[in-house]
Amino acid sequence: LRDTHAFTNLHQASSFADAIAAEALGQQSLLDLGEYLWSTGPGKMVLHPTASENMRAVAGPLKQLLQNRTIIGFNLGDELVWNCLAPGNLTQGADLVRSLFPRGSAIIWYNEAAFFAATPARDSCEALHYDYRIPESLDWFSVDIYHMDGRVTGWVAQWVRTWYDKHIYPNLTAEQRVVLVPGAFGSDVNHYPNGTFVCDRACYDDMCAYDAEDFATWAREDMRVVAIMPWNWGGCPTCSGSKWTPPHTCCMDEIGTRDQPITRSTWASIGARIIEASFDNQLNSI
C-alpha cells in the first residue's frame, strides 16, 4: 500500500484491518469475502455449509464500512470455478451476497480464469462444466489472460480484447461492467519443455510495460471497462522453477511489478493519469 498509493485508488483488501489501512492512504477497497463463502478440501472448493450464517454475522460491520466509504464492495475470489468450485455454488454465493447488499449499495466482483470459451469447459480438476454462466448478481467481472513470449505487437487487442468481445460481453447483463487484469510480472525460469529459452526478467519487463499502454488505451476507449488491476505487485516469493525447470513445480518464480522497473514506472504513470482524470471518469486503477 505505501509503495503504490500515490498512483492507485482501488485496493483488494484481505481483511477489515487491511481495508481500514487502505482508506487511511486514500484507497477505496473491494473486500475479499472468500473466508465467509467458500470451503476448500482435497481437490475441490465448495460453498461453505454455513455461508449464509457467516455472511449474516458480518453484514452489520460490512454495511458500516460501505456507509463510510472505507470499502465500495466485495471481491468473491479468484479463478473460483477453475479451482474446482461448481458453477451452481458460485451463483449461490453471489446471490447470497446480493441478497444482503442490493445492487447500488455495494459492488460485487470476481475474477475467473479464461477457461470457458468452449462447452463443456474443463476446470483444473478435470471436471467438465456444461452450465458455467457469469452470475447475474455480479457488478464487475474479469478474466486473466497472460503471455510469456516477449513483446508482441497488438497482442492485447488480438488475444485479450477479442476474448472479452467473444466470450464475456455477449454474456453480461446491461448493468454489468468489466475489469482488466494485465500481466505485470516477470520470471527468470521461463523455458519450453525442451529447454528452449522463452523470456527472461528484462524481456518480461519490456513486454509487460508495452502491453500496459495497450490495456490503458482499451480502457480509455471502452465504457464497459471500470477498473484495471495489474497482476501482481509483490510477486510470489515461494514459487521457484516451473513445471519445465527444476524443481518442476507448477509455477514460475513470478517476479512482481515492484521489482520490474520499466513495468513499475509505466503503471505508475498510467495510474497517475487515471487519478488525475486524464482518462474517462469511470475508471479506477489498482
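Biologist: Let's start with V198: is V198 buried or exposed?

Modeller: V198 is buried, because its relative accessible area is 14% and the cut-off for buried is under 20%. Keep in mind that this is a predicted model.

Biologist: Which strand is V198 in?

Modeller: V198 sits in strand 12, which covers residues 197-199.

Biologist: Okay, zooming out for a second. How many helices and strands are in the chain?

Modeller: The chain has seven helices and 14 strands. Of its 286 residues, 51% are buried. If you take contacts between residues at least 6 apart in sequence, 71% of them join residues at least 24 apart.

Biologist: Now W38. Where is W38?

Modeller: W38 is in strand 3, residues 38-41. W38 counts as buried, since its relative accessibility is 8%.

Biologist: What does W38 touch, skipping residues up to four places away in sequence?

Modeller: The list is M45, V46, L47, H48, L76, L80, L85, N89, L90 and G93. For L76 there's also a polar detail: its backbone oxygen lies 2.8 Å from a polar atom of the W38 side chain. As for N89, it is 51 residues from W38 in sequence, yet the C-alpha atoms are 9.0 Å apart in space.

Biologist: Switching to T70. Which loop holds T70?

Modeller: T70 is in the loop between helix 3 (51-67) and strand 5 (71-78). T70 is buried, with a relative accessible area of 6%.

Biologist: What does the side chain of T70 make a polar contact with?

Modeller: With the side chain of N68, at 2.6 Å. Leaving out neighbours within four places in sequence, T70 also contacts A19, I20, E23, Q27, Q28, S29 and L65.

Biologist: S29 is on that list. Where does S29 sit, and is it buried or exposed?

Modeller: S29 belongs to strand 2, residues 28-32. S29 counts as buried because its relative accessibility is 0%. With neighbours within four places set aside, S29 is in contact with H11, A13, A19, A22, T70, I71, I72 and G73.

Biologist: What about E126: what is its phi, and where is it?

Modeller: E126 has a positive phi near 70°, and it lies in the loop between strand 7 and strand 8 (128-129). At 52% relative accessibility, E126 counts as exposed.

Biologist: Onto peptide bonds. Is the one from T119 to P120 cis or trans?

Modeller: That one is cis, with omega near 5°. P120 lies in the loop between strand 6 (107-113) and strand 7 (121-122). W231 and N232 are joined by a cis peptide bond too, with omega about -15°. N232 is in the loop between strand 13 (225-228) and helix 7 (261-275). In general, most peptide bonds are trans.

Biologist: Helix packing now. At what angle do helix 5 and helix 6 cross?

Modeller: Roughly 45°, with the axes of helix 5 (residues 155-168) and helix 6 (residues 201-221) coming within 10 Å. That angle makes helix 5 oblique to helix 6. The crossing is right-handed.

Biologist: Which residues make the contact?

Modeller: Helix 5 brings W155, V156, V160, R161 and Y164, and helix 6 brings D211, D214, F215, W218 and E221. By class, that's six nonpolar, no polar and four charged residues.

Biologist: And how do helix 3 and helix 4 cross?

Modeller: Their axes come within 10 Å and cross at roughly 40°, helix 4 being residues 87-100. The crossing of helix 3 and helix 4 is right-handed. A51, S52, M55, R56 and K63 of helix 3 meet L96, V97 and L100 of helix 4. Those residues divide into five nonpolar, one polar and two charged.

Definitions and conventions: Residues are numbered from 1 along each chain as its sequence is written. This is a predicted model: local features need pLDDT of at least 70, side-chain atom pairs count only at pLDDT 80 or more; totals for chains, interfaces and linings use all residues. Side-chain values use heavy atoms; hydrogens and water are left out. Axes are lines fitted to C-alpha atoms, for helices over the stretch in contact, and angles run from 0 to 180 degrees between N-to-C directions. Helices (H or I, at least four residues) and strands (E, at least two) are DSSP runs, numbered from the N terminus. Angles under 35 degrees count as roughly parallel, over 145 as roughly antiparallel, 65 to 115 as roughly perpendicular and the rest as oblique. A crossing is left-handed if the near helix is turned anticlockwise from the far one by less than a right angle, and right-handed if clockwise. Contact means heavy atoms within 4.5 Å. Ala, Val, Leu, Ile, Met, Phe, Trp, Tyr, Cys and Pro count as nonpolar, Asp, Glu, Lys and Arg as charged, and the others, Gly among them, as polar. Buried means under 20% relative accessible area, exposed over 50%, partly exposed in between (1.4 Å probe, protein chains only). A polar contact is a pair of N or O atoms within 3.5 Å; within protein, one must be able to donate a hydrogen and the other to accept it, and residues adjacent in sequence count only if both atoms are side-chain atoms.
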